[in-house]
Amino acid sequence: MATREREHVYLPLKDALECVGVKINLFAVVAEIGAIIRSRGTDYVLTLKIVDQSLPILGISVNFFGDDATRLPHVKANGDIICLHNVMMKAYNGNHYCLYNKRFSSFALFEGITSIGINPYEISSKYCRSDGDSALLLELRRWSIDHLPTAALKESTLQLRSVKVGVVFDLVCKVLHVCETSNGGRILFVWDGTDAPPLQFQGKNYDERMMSSAKRVPLTCFPAPSHILEVNHENAVYSTLMDSLTHNEIVHRSKCIVRVVAACPWHVEHLRSPVTGRYRVKVTLEDPTARIHAYIVREDAARFFGASPEQDLAHNMNALLGIAEGASGEGGNSTYRDPPWVWCCLRSYYLEESDPWGTRRYRICDTELVG
């Protein structure tokens, strides 16, 4: 059990926003659990969103870094409670977050409202408990009863990694995307920070499917992706968006099969800057593994859009975004959209040398919109 020391002073999350650059202590409820991924090729990184009475909806993100994934917090479920000591408050582009430093920060994890125990189920090596922690723990549990989703109170609540076929359960999760079906129904793409168990694909399991890059393409793009986009690297190795996001090099190129689910701007007359006359478009790309933003600018944009007449370009953009001909409304929202799967080449880059991973961006390159 963790040793006790002098009483810690815990700040409400709302007050913590005013303490940029200062080491602080926090006691809060875990609202969202991120996935543990590689960072900078050596460390592992985990992001948790925490909330309390002062910021019950907005909350604050906490970024954990560790040279060993086993040393990062392993939260059992949304609604559990975390105690943080000596985390640094940071701000970037107006967004506030906490940074957990493996050299001087520490944590403890407690079960949420489903437990009456006061002992943590996981602690870091530097964690020291104080006498007032138990009272704060019980206070957060009482508050959670009225502010957590009803599903969090039920024993039937599961995480995606524990889902089994034929079992009825409740799930606390984030809705990533909503897709309409041909019969007017809706499919929700959800995530709770964990990976769903492997499914069977025509008698072959997921691990077998991943052994061949040809079998990793989105199943719904068969027999082949659309030819609306053409790439100039036919021999490049196919990779998923998640492969790129977890690549151990910041700057790299990848060839992916994606859907363009959004573009800003998307009207042909707005694709060029009114000041410079150059193309500048931000698109949202997705595949079965991830969703990212990418930019179409400069010489890459000139190649992408080519010299097509405005009428042809409008037709090609609608086809790329899955907008039916004659659709009205902003972005064609008045009708069902079904963006096709397409090949595209991506190049990653960064904006600031002092923070290359935190300022990493993507550009579409070596790709042409041919319709």
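In which strand is the place of Ala262? The structure examined here is a predicted model, in which local features need pLDDT of at least 70 and side-chain atom pairs count only at pLDDT 80 or more, while totals for chains, interfaces and linings use all residues. Residues are numbered from 1 along each chain as its sequence is written, and side-chain values use heavy atoms, with hydrogens and water left out.

Ala262 lies in strand β12 (residues 253-264); strands are DSSP runs of E with at least two residues, numbered from the N terminus. With a relative accessibility of 32%, Ala262 is partly exposed, a class that falls between buried (under 20% relative accessible area) and exposed (over 50%), using a 1.4 Å probe and protein chains only. Beyond its neighbours within four places in sequence, Ala262 has contacts (heavy atoms within 4.5 Å) with Lys282, Val283, Thr284 and Leu321. Glu286 is 24 residues away from Ala262 along the chain, and their C-alpha atoms are 9.7 Å apart.

Further along, strands β15 (residues 342-350) and β16 run antiparallel and are joined by 6 bridges; two strands pair if DSSP finds at least two bridges between them. One of these links is between Ser348 and its partner in β16, Tyr362. Strand β16 (residues 360-365) has 5 of its 6 residues buried, so it is largely enclosed by the rest of the structure.

What, then, of the cysteines? A disulfide is a covalent bond between the sulfur atoms of two cysteines. With the cut-off set at a pair of cysteine sulfur atoms within 2.5 Å, the count is 0 disulfides. Cys345 is in no disulfide, and its nearest cysteine sulfur, in Cys365, is 5.6 Å away. Cys345 is buried at 3% relative accessibility, and Cys83 is buried at 0%.

Conventions:
Helix = DSSP H or I, 4+ residues; strand = E, 2+ residues; numbered from the N terminus.
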